[in-house]
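Hi everyone, thanks for making time for this. I'd like to walk you through one model today, so let me put it on the screen.

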2 protein chains.
Amino acid sequence: MDPRVREHAETILDHSTEVESGDDVVVSAPSAAEDLTIALCEAAGERGASPFHVSFRKDATRAAFLAATDPEDLETPGHELALAEAADVWIHVKAHDNVADMSAVPSETMAAFNRAHESVREEILDTTWVLTQYPAPANAQNAEMSTEAYEEFVWSAVGKDWAAQKDHQQRMVDILDAGEEVHIVSGDTTDLRLSIAGMSTINDHAKNNLPGGEVFTAPVADSVEGEVLFDKPVVHDGRVIEDAFLRFEGGEVVEHAASKNESVLADILDTDEGARRLGELGIGMNRDIDRFTYNMLFDEKMGDTVHLAVGRAYDACLPEGEEGNHSAVHVDMIVDMADDSFIEVDGEVVQRNGTFRFEDGFEE
Amino acid sequence: MDPRVREHAETILDHSTEVESGDDVVVSAPSAAEDLTIALCEAAGERGASPFHVSFRKDATRAAFLAATDPEDLETPGHELALAEAADVWIHVKAHDNVADMSAVPSETMAAFNRAHESVREEILDTTWVLTQYPAPANAQNAEMSTEAYEEFVWSAVGKDWAAQKDHQQRMVDILDAGEEVHIVSGDTTDLRLSIAGMSTINDHAKNNLPGGEVFTAPVADSVEGEVLFDKPVVHDGRVIEDAFLRFEGGEVVEHAASKNESVLADILDTDEGARRLGELGIGMNRDIDRFTYNMLFDEKMGDTVHLAVGRAYDACLPEGEEGNHSAVHVDMIVDMADDSFIEVDGEVVQRNGTFRFEDGFEE
């Protein structure tokens, strides 16, 4: 086994999830990630934890979806819910035999599935969870890289100095936590205003996402005004939405468009009421992720991007006891901020053309 | 996909487990059985059930075992227990990348694992469950057959006329249900007497085992007297015990031996108190299984064999409300009855040299 696989497993268990003796650990990983699955089970055993491998196989799930006679009848599966309720730690490893495997499933079936699984996801989010990527050949192909180069890309990103990264990101957390009004402008296609008053900003230093490298918060649900063109492709269950465009009024999407797969975008927005509102504002801060790989786990962390997600807000961003935007979906979309772009917080420019105000080369 | 894989999935869902709309189905299968996993998920979806694929990967589990610092500390994993409690149907597919994968795990670690998982197994046995085999190359190799020939062997055995087989077996069930004292003699190495008074005999027509093809019951725990030489190898977690010998007094093993891996046999018997008593008497009746393949799921069904299991008794064999022999293990061992052998029930010969009294060629 490649020693970097074992290091990956150690980072997952010791940094991201801090697994302890006696923990009931679910390793949710497809067969394309066999090496990492075995390394995780072994390392969990070394730490006195009980690993249990479940395979959320997209292709098996797809088979079930395609066969379901009436997707509207899909109910929350009690066995999956019970497992999620009982787990202490949930490690979800992404890896594909074919990233387009889900493309044959109709959007409305996917939406019905997402609704049926909403409570399962809520329970998983209540565990100590992490989402990571194994560099399978299909994922390398999707990134337009050789498998060897992609392995190096993934394992370098995973093996970062997370303590230093946390300090770097904290400067942006402090700005956002003190701020209220955010204004995002990119070229003449994106001009969006939203409030983050009262919200908390999370410093993602690879606890829930490995690699990490962003700061994120939740917009005040009805505060979002303006329009945004997501100039990076949105890959959603194997389908690529290009040039997604959203216009917001009073926090709600009132107009949408796309140059490719507009119907997929429409189906996302139609999942439920919360799918038409923003659940997340995220700012990428990981300078080691230096290229787009058509994989949101990495792309959204890039240093000169902003991402917005329609759908579910994360509880950690919300004031204690307050309900955030609810939805069965959470779909991130990226705006490239490298050129002709800025972010203002309460009228002060905090990033221009991808450079933060606390970085060298920042122009006021 | 080989159409026989889909037929296998249909037999599992429609004959063995009778899956219905709304059932929460666990498909427990390793990656060596990918085709069947996908076929099962698809067919479950077609029937309106919710399939969930978990991979009881022996190699991943082994990794965790090998790494466990003190196997005696292993506790029942709460997440696995919760899943088993919530499942309606549990389909366990055997398939290996290497049948010897578990051979590196010390017997005492395996025993500790079995004890820690006893309540999980109890819950699985409370679902509608089935154990079946996928013809993976490593399993074909273990059977000393080409993969193609082994596929034919497995899928022929699975695709049997189970209604006709049930009728054939019922004749033996009727004999055993009416009987009390069983006497098993083979050559000069096996001479065993046991009581089955008050016990029920189960007609295994491929409900819990696919293929099925045996009848089995539970001996009265303290009734077993005499000695038995198991002339077929016992394959236990990748280790082969040869010429296992047991002598019983008052139902308990008081002497044991083996020509190979005697320590593995000793470790099985030392698992707990119940591991030294018989939990099952089974009689193979499947004439389509015409060769030994070093796989108990098939071997124990052969037409001219008897098998005995040390350890756990099945509740279905016991009088209502009565506790049978309890143990964390259930290890089947086979006696070849083809030559110089007979089975008597209450003094009447019911099988001689492998031929039942209701079959052609039987000699009183």
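I'll start with the ground rules, then go through the domains, a helix pair and the sheet.

This is a predicted model, with local features needing pLDDT of at least 70 and side-chain atom pairs counting only at pLDDT 80 or more, while totals for chains, interfaces and linings use all residues. Residues are numbered from 1 along each chain as its sequence is written, and chains are lettered from A and ligands numbered from 1 in the order in which they are written.

Domains, then. Chain A splits into domain 1 (3–158) and domain 2 (162–356), with bounds taken from an automatic or database domain assignment. Taken over C-alpha atoms, the centres of these two domains of chain A are 23 Å apart. Domain 1 of chain A puts 29 residues into the contact and domain 2 of chain A puts in 24; contact here means C-beta atoms, placed from the backbone, within 7 Å.

Which element gives the largest share of the domain 1 side in chain A? That is α5(A), with 6 residues. Helices are DSSP runs of H or I with at least four residues, strands are runs of E with at least two, and both are numbered from the N terminus. By residue type, the domain 1 side in chain A has 13 nonpolar, 11 polar and 5 charged. Nonpolar covers Ala, Val, Leu, Ile, Met, Phe, Trp, Tyr, Cys and Pro, charged covers Asp, Glu, Lys and Arg, and the others, Gly among them, are polar.

Now the helix pair. The axes of α4 (78–86) and α6 (118–125) of chain A come within 8 Å and cross at roughly 15 degrees. Axes are lines fitted to C-alpha atoms, for helices over the stretch in contact, with angles from 0 to 180 degrees between N-to-C directions. So α4(A) and α6(A) are roughly parallel, a label for angles under 35 degrees. Among the residues that meet are A:L81 and A:A84 in α4(A), and A:V120 and A:I124 in α6(A). The contact of α4(A) with α6(A) divides into 4 nonpolar, 1 polar and 3 charged residues.

Last, the sheet. It is open, with 8 antiparallel strands of chain A in the order β14-β13-β10-β6-β5-β18-β19-β20; pairing takes at least two DSSP bridges. At the edges sit β14 (252–257) and β20 (355–356) of chain A, each pairing on one side only. Helix α10 (262–269) of chain A packs on this sheet, touching β13 and β14 of chain A, and its direction makes about 165 degrees with that of β14(A). Elsewhere in the sheet, β18 and β19 of chain A pair over 4 bridges, and A:V345 stands opposite A:E348.

How values were computed: Two residues are in contact if their C-beta atoms, placed from the backbone, lie within 7 Å. Angles under 35 degrees count as roughly parallel, over 145 as roughly antiparallel, 65 to 115 as roughly perpendicular and the rest as oblique.
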